Structure formats: C-alpha cells, structure tokens
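Me: I'd like to learn how to read a structure like this one. Could you take me through it, feature by feature?

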Amino acid sequence: MRRRMTTRRAAPLPALAILIGLGAAGTSAQVPPERLEAAAEAPADWLTYSGTYFSQRYSELDQVTAANVDDLQLQWVYQTPVFGPWQSTPLVVDGIMYLTQRPNDVVALDARTGRVFWTYQYPTPPDHRACCGSNNRGVAILDGRLFMATLDAHVVALDATTGQLLWDVELADKELAYSFTLAPLAINDKVIVGTAGGDRGIRGFISALDAATGEEVWRFYTIPGPGEPGHETWEPCPPNPVTYCDPEAWMHGGASVWLTGSYDPELNLTYWGIGNPGPDFYREQRPGDNLYSDSVVALDADTGELRWYFQFTPDDPYDYDAVQIPVLADIERNGVLFQVMLWANRNGFYYVLDRATGQFLTGQPFVRVNWAEGLDDSGRPVETPQPPGEPTYPGVQGGTNWYSPSFSPRTELMYIPAWEDYGSIFIGEPQEYEPGGSFIGGRPRTFNPVPDAPIVPGLTRGPVNSWTDEAARGAVVAVDALSGERQWSFEMTDVISSGILTTASDLLFTGARSGYFQALDARTGDLLWRAALGGQIVNGPMTYEVGGKQYVAVIAGSSLSTFALRD
C-alpha cells in the first residue's frame, strides 16, 4: 500500500463551516486523561463512544426507575438535515452535547435544551469510496479538542469550544477505498483510529496520532507483512491450484477496523476488533488462518506493540467480522476476581477471555449456529461446513453485528442485540482484486424472511424453502457474563440494529428498526415502557445528567430524541 500522511495545522475553517457563539453556555471542555479514566465515577457525562474505557454502556445514573419510567417525556428533538441511517453516539461534557451527522459534520448542542451552538462541516469529497453508506459514529474528546475520523481517511481535530479546525491529517489513500467510519478513542496524549474498507481490498491498520499535533506516533497493520509473526498464516498458493489463488492475498486481504476499541489503564492495553479477510466468501483464494482477521488484538497503548491476540473465526468464508465492541469487566465469583473481556461475536458464539493474557476461558452459542459444532479447549471452532445449497446459521449479518452490547455490574449479565434463527446460503466465487473496487468473492443469499433487513453489497434474497418457514427476528438476549448461559430473551417485532444501554436502576434501553424505543427490566426482560419514534433506530442509546435531571437520548431516523421524567 502506498502510505500517505499529510498534515495541515492552524488551518482556516472550511467554507462550509458554520459557527454560532457559545455565549454564556460555553465551557472550556477540558477533559484531561485522568477524567477519561475516571468516567465511570462521573456518570453525569458520557465521555467516550461507549461511555467509558471499559465499553460497558452502563451508567450509574438511577433517577429513572422501573417505578417511574412511565413518566418519561420527550424534552427536545434535534433533526439532522442529512438523509440516511444515523449511527452516531453523542458525547456529553459539562452540559454540552457533541455528535456527528452524515457525512462528516460535528454539532455542538445544549444538552438541556437542544439549542445548536455550532456546526463544523468537513468538506467530504463526493468521490470517496467508503463501503456501505456514509456513516460516521461519533467523536472523541481530550483536553479541549474534539477528534473526528472521515470518510476520505482523514482525522481532524477541532477546538471543542468554538468548533474551529486545529489540524487535519490524511492517513491513507481514499482512491484505494480506505476510509474511517468509527468514533476515535483518546488515550493519554494520543487519539487512535482504525480503517474501514475490508470489502474493498484494503490492508487494515490501527493508527495512533499525537493529539496536539496530529503526527502519527505508531501504526499497527492488522495483516502482518513478510518476515513478521503471523504472515505465514497467509499461505502461499499450492503448485498448480485447482482454482484461482491469489499469491499476494495479504496485500489486499481486508482485516479492517471499523468500530471503536476499549482500554484498560492498569494494563495500558487497548483492544480492537478486526474485520473479515477478503475476498469475503471465497477462502480458497487466500489459504491459511489469515491473521489477524476476525480477531481481537491487544496493543500496548504507548507503542502499538502487539501483546496478544485471539482469533474467533480462522480462514473465514462467512463475513463474520470480529469488529464488535470489546467489553471489559471485573467480576468476582466465589471469592475469585475475574478480569475479563466479554465478547458476543458475529459468528454466533459468546466468548469470555482473560484480558491480560488473551486466554480463552469459556464460549458457547447465543443464537442458532451450525457452521461449527462447538469450540475446542483453546476456543478454536470445530467447523461443520454445510453442503452446497443448504443454509448456514448465523447468516451473513451474523448473530450480532456492529450494534453495541451492554454489561451491568449489578446484574452481572451481558446483554446482546441478536438476530435469531437467521441463515444464509453462501456461494463463493473467485475474484481478482481491482484497486478501490468491491472485493467480496461471492453472492450469499438470505435463506429465510428478514423483516426490514439492511441491504448488504452482493446480497440477494431467496424464497423460503421447505427446510424452514420461520422468519428471522431480533431479540435482546441476556446471558450470564462469566458462563454465557442464557438467562432471558426479549423478542422484537422485527430485527434489531440498535445498541443497548443499562443503568444502576436496573433498566435496559434499546430500539428496534420499526422505530420503537423501549425500556426493559434488566433482571427479567419484562417490557416496562416504549415510545414510537417513527424512524429506524440504528445507534446506541446513552444517558447523562444536567442540572440534577437525568436524560436518555436515542436517534431514530433523522432525529435525535431526548427524554426525561416530566416535572
């Protein structure tokens, strides 16, 4: 890959930037590293994409309870002028909300009233090649700066008070389909991002930038190059292969990083989920396990050095990205403290790993699975490929996907947004790599009905056949965090693409594609409250407090809706 990195500092505001003075409502938005590390102890704010470095999407706020949740009332709505699925999770800092909207805008709002203070509009080039929609999932904050990653593979830093551009760095070539769709993660004096583009033949990487200057501090390639450990898992083509084999598969093998990682300050390790190898559906073209695709990697936050990895789906032919959010937890059972990573994987298995070493502790399915009969003692799947024309479970969207789970330290349950009884018929085909083009190597077919299913490049829909007539459906699945044993499930009216939020009052908030925003009892799964918001919910709910009042915010369709108890 041709490596490019250019930096612009102290640049003037782009022509499309709109600034509205903060006035008396403005703050200096000072969020030093110590404040980020202690985010769980200050639940009035929501300081990272997943709330805290442990990515639990759990809040200690407890003003809204099972007894009064029926009194939730809409407080204000912010409507984006940009059409399309809106997948951002806002940050809230000292009463100011910061969120992104398509394609690459940052908006600062009064978190109490919804008043817009300023909007920064990045000049996204219309010819960018980002896969699967112009998505941007949020910003990071550190000291007085906000950081956004863009669809044309730039990272920008803004003054959090004024929205003024401070620096702009290009990290990769958009013509080769490199892009950023994740919310960055700020750690110490760095901001960390990972590249999307795994379905377009990129070579994945994670980069750390100096937060003050934008200079790249380290880069970790998610596909090892020649001479690096793991490169041997991209095996050379055999002599006289019977089908097409790519002798340079590793150079454009995907392994993208399109969701935000997590961080353990005590271990100084940052954890990132890695996407599928490419081409997605034709494994014969890329022999071997294809590290570090479909893995979680633990990196030294200072140097980017790999400390350990765990691969969920070796040599993946099903597009089972492992980009799900790494959820970290400390759980004590029978006098033993377990410092673990909890992972509901797209491949349908739930895993518990030791987060210091990566050791596999336990794993079992949380949805219907037939591509593997189980996991061996090391956590490697024992594969059972299905005959041609027969369905594989879970299907191409997975048992879960990018939408965030939640862990409650009160209930010690992991809550998973899941697709149940969902299968696909996978058809792999050889495909030669063309720079910047789609690179999936096949055409999976949905096997059973999926209500309001998202469109996936290369996906076709087939009729229900005699094997089953059961439609796929969305559910919130609650499992014991350490054992993975299912405790309860709540079935949706359609599929789910919403994240999950839990609180200290044992409430669980989530959404549905039908537009219902729902509150459940986190211990039993009973439905307590819901509101029809009239648009698909494809983001993660979050909560915060201003002036002694707890708010819960969610995006449905093109509107951000914020609720609180009626006065």
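Me: Let's start with charge: how far apart are the mean positions of the positive and negative charges of the chain?

Reply: Lys and Arg count as positive and Asp and Glu as negative, while His and the chain ends are not counted. Each charge is placed at NZ of Lys, CZ of Arg, CG of Asp or CD of Glu. Here the chain has 37 positive and 68 negative charges, and their mean positions are 6 Å apart. Please keep in mind that this is a predicted model, where local features need pLDDT of at least 70, side-chain atom pairs count only at pLDDT 80 or more, and totals for chains, interfaces and linings use all residues. Residues are numbered from 1 along each chain as its sequence is written, and side-chain values use heavy atoms, with hydrogens and water left out.

Me: How many helices and strands does the chain have?

Reply: Helices (H or I, at least four residues) and strands (E, at least two) are DSSP runs, numbered from the N terminus. The chain has 40 strands and 1 helix.

Me: What share of the residues is buried?

Reply: Buried means under 20% relative accessible area, exposed over 50%, and partly exposed in between (1.4 Å probe, protein chains only). In this chain, 64% of the 567 residues are buried.

Me: And which residues touch the most other members of the largest nonpolar core?

Reply: In soluble globular proteins, nonpolar side chains tend to be buried together. A nonpolar core is a set of buried Ala, Val, Leu, Ile, Met, Phe, Trp, Tyr and Cys residues joined through side-chain atoms within 4.5 Å. The largest one has 102 residues, and M97, Y98, I206, Y544 and L560 touch the most other members. Strand 39 (residues 549-556) gives the largest share, 6 residues. There is also a second, separate core of 53 residues, with A183, L259, I325 and V476 among them.

Me: What about the backbone: which peptide bonds are cis?

Reply: Most residues other than glycine have a negative phi, and most peptide bonds are trans. The bond from L291 to Y292 is cis, with omega near 0 degrees, and Y292 lies in the loop between strand 18 (269-273) and strand 19 (295-300). The bond from Y393 to P394 is also cis, with omega near -5 degrees.

Me: Is N334, with its positive phi, buried or exposed?

Reply: Phi of N334 is near 55 degrees, and N334 is exposed at 81% relative accessibility. D421 also has a phi near 55 degrees, but D421 is buried, with a relative accessible area of 14%.
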